[in-house]
Amino acid sequence: SFIGMGFYKLVRRLGMGFWSSGVLAGVMVVSYAWMSGASVSAKRACGMLLFALFGMALGKSYDMLTAMGILLAALLWNNPFLFGYSGFVFSFAAVAGVGSVGKVLTEGKRGVPQAFWMSFAIQLMTLPLVACYYYEIPVYAVFLNLFILPMVSWVVLSGVCGGLFGLIWNTAWVKALFLPARLILAVYEWLCIKMLQLP
């Protein structure tokens, strides 16, 4: 979703129309979802982005929870047994957290505080599911995720920019584009190692 929407905004800034930009971004995201094995969460993310792109092309507003509900119904119609699959439930619970609790908690907030509260909303929605499926509550991981999740977009952005420019040039400045991702991932690893040392 992040890469697809970023690509859509880029081609829109280059002067392409709503429909052509949406079709290009949609084809790219569907191709990626297919290439990555078309997991349930990939189908959900891909479908929700297609709804957003279609809405923008028609000049209509996008409602995350409506798109999520339509995809939930479509996926369950195709395979009702998905409801017993934890990955399916976690994926939709996380989106429900963003679209409901996250919307309330982040109202009027921008930047890091917004990302922090959005992360908290996701944790709040998925914690009961962790207890249900895994019969435990990872007390440390809840707090760790509040620091990890807000920085994920920077890791993806750094990786995508470095990867795209690396296809064309192989210079030191291109390698420098990967530096934010490397630093953030190194901090993630250090935090996880320290967390495992806790009683």
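How far apart are the mean positions of the positive and negative charges of the chain? Read on; point 3 has the answer.

1. First, some ground rules. This is a predicted model, with local features needing a pLDDT of at least 70 and side-chain atom pairs a pLDDT of 80 or more, while totals for chains, interfaces and linings use all residues. Numbering starts from 1 along each chain as its sequence is written, and side-chain values use heavy atoms, leaving out hydrogens and water.

2. On confidence, pLDDT is the predictor's confidence in each residue, from 0 to 100. The chain averages 86, and 99% of its residues score at least 70. Helix α4 comes out highest, with a mean of 92, and α8 (residues 139–148) lowest, with 80.

3. Now the overall picture. You'll find eleven helices and zero strands (DSSP runs numbered from the N terminus: H or I of at least four residues for helices, E of at least two for strands). The C-alpha atoms fill a box of roughly 55 × 50 × 35 Å along the principal axes. As for the opening question, the mean positions of the 12 positive and 4 negative charges are 13 Å apart. Lys and Arg count as positive, Asp and Glu as negative, with His and the chain ends not counted; each charge is placed at NZ of Lys, CZ of Arg, CG of Asp or CD of Glu.

4. Of the 199 residues, 31% are buried (under 20% relative accessible area; exposed is over 50%, partly exposed in between, with a 1.4 Å probe and protein chains only). The largest nonpolar core has 16 residues, and M48, M68, L75, F88 and F92 have the most contacts inside it. Such a core is a set of buried Ala, Val, Leu, Ile, Met, Phe, Trp, Tyr and Cys residues joined through side-chain atoms within 4.5 Å. Two or more residues each come from α3 (40–58), α4 (64–78), α5 (86–99) and α7 (111–134), and α5 gives the most, seven. Apart from this core lies another of ten residues, including V29, A33, C46 and A52.

5. Take a look at M48. Leaving aside residues up to four places away in sequence, M48 touches Y62, M64, A67, M68, L71 and V95 (contact means heavy atoms within 4.5 Å).

6. Two loop residues are worth a glance. Most residues other than glycine have a negative phi. A38, in the loop between α2 (18–35) and α3, has a positive phi of about 50° and is partly exposed, at 27% relative accessible area. Y135 sits in the loop between α7 and α8; its phi is positive too, near 60°, and Y135 is exposed, at 73%.
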